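Subject: A structure for you to look at

Hello,

I am passing a structure on to you, with some notes on what turned up in it. Could you open it first and then read on?

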Amino acid sequence: MIDETLTIKGVEVAYYIVCKRKLWLFSHRIDFERFSDYVEIGKIISEEFFKREKLKEIEIGSSKIDFIKVGDEIIVNEVKKSRKLEEAHIWQTKFYIYTLQKLGINSKRGIIHYPKLLKKIDVELCEDDKKRIKEAISQIKEIKNLETLPEVKEKPYCKKCAYYEFCFS
């Protein structure tokens, strides 16, 4: 029997934090991200700053981790362009750690890299986080199963979203 965690994408966890409408659209295969200059810039930043990393784009279930470091434990590493959506980045990283743990893999920590800002933040998964992730997974499943698209809720970062024209035209 497949663990339900493996059917959720890390990006869906981030979208759950950022915008329920975006989560619903993405989960229904309405994907404007591949046309986004901002997403493309993010990929280029990741490739340029971390080209020496060997274990990149590691797939676990439906998710893809930017890269991992292997030692006494697995350290999840995510690369992001901007800190504007930092809370979503943190929960996406925690979700990856949680998923690895559910698979019996020793992982407790992650690092979110903001190379253009020359910053990084350390992320650790604690017991309370696991409860929140379980709740988020349940709510993500509910949103994905909605028959209709959630209402538009304008937020400060909407104008740079790949879905902006779809939502506000």
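Below are the findings, grouped by region.

Please keep in mind that this is a predicted model.

Let me begin with H1 (residues 10–18) and H2 (residues 20–27), whose axes come within 6 Å and cross at roughly 150°. Since angles over 145 degrees count as roughly antiparallel, H1 is roughly antiparallel to H2. The crossing of H1 past H2 is left-handed. On the H1 side, the contact is made by Val 11, Glu 12, Tyr 15 and Tyr 16. H2 contributes Lys 20, Lys 22, Leu 23, Phe 26 and Ser 27.

How much of H2 is covered? Most of the helix is: 6 of its 8 residues are buried. These are Arg 21, Lys 22, Leu 23, Trp 24, Leu 25 and Phe 26, so you will find both Arg 21 and Lys 22 under the 20% limit for buried residues. The buried residues of H2 pack against H1, and also against helix H5 (127–144) and helix H6 (164–168).

**Two residues with positive phi**

Just after H2 comes Arg 29, with a positive phi of about 60°, although this residue is not a glycine. Arg 29 sits in the loop that links H2 to helix H3 (37–49). Its relative accessible area is 80%, which makes Arg 29 exposed.

Leu 118 is also worth a look: its phi is positive, at about 55°, and it is not a glycine either. You will find Leu 118 in the loop between strand E4 (109–114) and strand E5 (119–124). Is Leu 118 buried or exposed? At 76% relative accessibility, it counts as exposed.

**The cysteines**

How many disulfides does a search of the whole structure find? The count is 0. Cys 19 is in no disulfide, and the nearest cysteine sulfur, in Cys 167, is 6.1 Å away. A disulfide requires the two sulfur atoms to be within 2.5 Å, so the sulfur of Cys 167, at 6.1 Å from the one in Cys 19, is too far away for a bond. Cys 19 counts as buried, at 17% relative accessibility, and Cys 167 is likewise buried, at 17%.

**Glu 86**

Glu 86 belongs to helix H4 (residues 86–102). With a relative accessibility of 18%, Glu 86 counts as buried, because the limit for that class is 20%. Which side chain does Glu 86 meet in a polar contact of 2.4 Å? The partner is Arg 83. Leaving out residues up to four places away in sequence, Glu 86 touches Tyr 114 and Ile 121.

**Asn 106**

The last stop is Asn 106, in the loop between H4 and E4. Asn 106 is partly exposed, with a relative accessible area of 36%. Its side chain is joined to that of Lys 108 by a polar contact of 3.0 Å. With residues up to four places away in sequence left out, Asn 106 touches Asp 72, Glu 73 and Ile 74.

Happy viewing, and best wishes

Technical notes
Residues are numbered from 1 along each chain as its sequence is written. This is a predicted model: local features need pLDDT of at least 70, side-chain atom pairs count only at pLDDT 80 or more; totals for chains, interfaces and linings use all residues. Side-chain values use heavy atoms; hydrogens and water are left out. Buried means under 20% relative accessible area, exposed over 50%, partly exposed in between (1.4 Å probe, protein chains only). Helices (H or I, at least four residues) and strands (E, at least two) are DSSP runs, numbered from the N terminus. A polar contact is a pair of N or O atoms within 3.5 Å; within protein, one must be able to donate a hydrogen and the other to accept it, and residues adjacent in sequence count only if both atoms are side-chain atoms. Contact means heavy atoms within 4.5 Å. Axes are lines fitted to C-alpha atoms, for helices over the stretch in contact, and angles run from 0 to 180 degrees between N-to-C directions. Angles under 35 degrees count as roughly parallel, over 145 as roughly antiparallel, 65 to 115 as roughly perpendicular and the rest as oblique. A crossing is left-handed if the near helix is turned anticlockwise from the far one by less than a right angle, and right-handed if clockwise.
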